[in-house]
Amino acid sequence: MSNFLESLARNALFTLDPETAHGLSITALKSGMVPGCRANRDPRLSVTLAGLSFANPLGMAAGYDKNAEVGPELARLGFGFVEVGTITPKPQDGNPKPRIFRLTRDRAVINRLGFNNQGHAAALARIAARPQAGLLGVNIGANKDSTDRTQDYVEGIATFADVADYFTVNISSPNTPGLRNLQTRAALGELLTRVLAERDRKARRVPVFLKIAPDLSESDLDDIATESLAQKLDGLVVSNTTLSRSGLAADPKQNEAGGLSGRPLFERSTIVLAKMRQRLGASMPLIGVGGIDSAETAAEKIRAGADLIQLYTGFIYGGPMLPAGILRDLSRLCDRENLAHLSDLRDRRTAHYAGLPIPD
């Protein structure tokens with residue numbers, strides 16, 4: 001019956017504009033209308049990396065809880081960690097509406113939100129006011145009109161250093177003009193130097209991850225890997241949304257500007273993940289994102305080289321019971337494949353994916 005009611009609720013939300021539906025889902029979580037799920041607490045799913053202990057490897061990606069409103073509620077759905085944001089120093093409205101588009105036949109979404117959020121102060125107040133139910137990542141970004149975007153990231157570290165379990169430096173959104181230029185080697189070197197110096201000034205050492213785009217060349221990946229290793233970065237998040245529209249079902253909305261997420265992103269993001277695993281070596285933590293909507297797609301990201309995984313678009317289509325369902329099925333996979341630990345899957349298919357070309 002609960003699956004039936006969830007399906008009804010999701011169908012009702014899908015009759016609404018996507019951004020309106022998103023706002024209602026946040027309201028429903030805040031009000032307690034969405035009950036928590038008895039998520040599987042299987043020790044075989046636990047992960048320890050970058051000095052942090054995750055109950056399971058499944059996280060909510062940045063973009064859903066932009067203003068740090070429902071972290072504890074998301075954790076109660078089963079997520080082992082929740083990443084809030086992207087949060088910029090000053091509040092900003094983002095791009096004009098409409099700016100989110102569902103491609104239902106592909107179980108995908110195009111967005112051009114543009115870092116719409118209420119700013120550092122509002123998010124910090126919410127996080128500080130509530131005990132978090134799981135590990136909390138804070139995804140930081142730069143204001144569109146900033147004259148020193150790198151300084152915006154430094155301010156993010158300074159603001160949330162006492163409340164974040166880890167940071168993600170988001171320089172890969174396609175919806176802020178010029179932001180992806182920070183992925184070039186010279187700009188990235190300066191960015192990481194300043195951000196990590198600010199982190200190291202704090203008494204509490206918080207891991208810093210870098211979120212990269214899936215629309216990179218092999219030489220771009222070389223540069224990012226070189227800088228990440230030289231700067232002793234704590235890990236990477238691979239990847240953000242793509243500008244590619246290849247392989248989509250016919251839909252006039254596919255021509256909308258913005259970043260594409262969901263099932264069509266799985267192969268591209270997984271190839272980039274595997275290529276970065278080969279470049280960075282076995283010890284660098286990697287979070288795999290893009291196209292995860294089941295236990296099998298989650299496991300395949302791990303086989304390609306991920307330590308942790310995140311989803312967002314899969315949650316839009318799968319609903320609030322999806323996280324607990326994925327964790328249950330990952331435990332069954334461990335049973336079926338006689339795994340002592342889920343992490344035993346890691347890198348089993350890294351060579352396969354890394355050997356594929358990044359799609360045009």
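1. Which residues does Ile 212 touch, not counting residues up to four places away in sequence? They are Ser 172, Gln 183, Leu 221, Ile 224, Leu 236, Val 237, Val 238, Ser 239, Asn 240, Val 272 and Met 276, where contact means heavy atoms within 4.5 Å.

2. Some ground rules before going on. This is a predicted model, where local features need pLDDT of at least 70 and side-chain atom pairs count only at pLDDT 80 or more, while totals for chains, interfaces and linings use all residues. Residues are numbered from 1 along each chain as its sequence is written, and side-chain values use heavy atoms, with hydrogens and water left out.

3. Back to the core. Ile 212 joins Leu 74, Val 138, Tyr 153 and Leu 236 as the residues touching the most other members of the largest nonpolar core, which has 79 residues. Helix H8 (residues 266-280) gives the most to this core, seven residues. Apart from it there is another core of 13 residues, including Val 47, Leu 52, Val 289 and Leu 308. A core here is a set of buried Ala, Val, Leu, Ile, Met, Phe, Trp, Tyr and Cys residues joined through side-chain atoms within 4.5 Å; buried is under 20% relative accessible area, exposed over 50%, partly exposed in between (1.4 Å probe, protein chains only).

4. On to the barrel: eight strands close up in the order E3-E4-E7-E8-E9-E10-E12-E13, with parallel pairing. Neighbouring strands are turned by 25° against each other on average, direction ignored. E9 (residues 208-212) and E10 (residues 235-238) pair over four bridges, with Leu 210 opposite Leu 236. Helices (H or I, at least four residues) and strands (E, at least two) are DSSP runs numbered from the N terminus, and two strands pair if DSSP finds at least two bridges between them.

5. Salt bridges next; a search of the whole structure turns up 35, each a side-chain nitrogen of Lys or Arg within 4 Å of a carboxyl oxygen of Asp or Glu. Arg 99 and Glu 19 form one, with the closest N and O atoms 2.8 Å apart. Arg 99 sits in the loop between strands E4 (81-87) and E5 (100-103) and Glu 19 in helix H2 (residues 18-31), so the pair ties together parts 80 residues apart in sequence. Both Arg 99 and Glu 19 are buried.

6. One more pair to look at: Arg 201 bridges to Glu 198, again with closest N and O atoms 2.8 Å apart. Arg 201 counts as exposed at 59% relative accessibility, whereas Glu 198 counts as buried at 10%.

Key: Axes fitted to C-alpha atoms, helices over the stretch in contact; angles between N-to-C directions.
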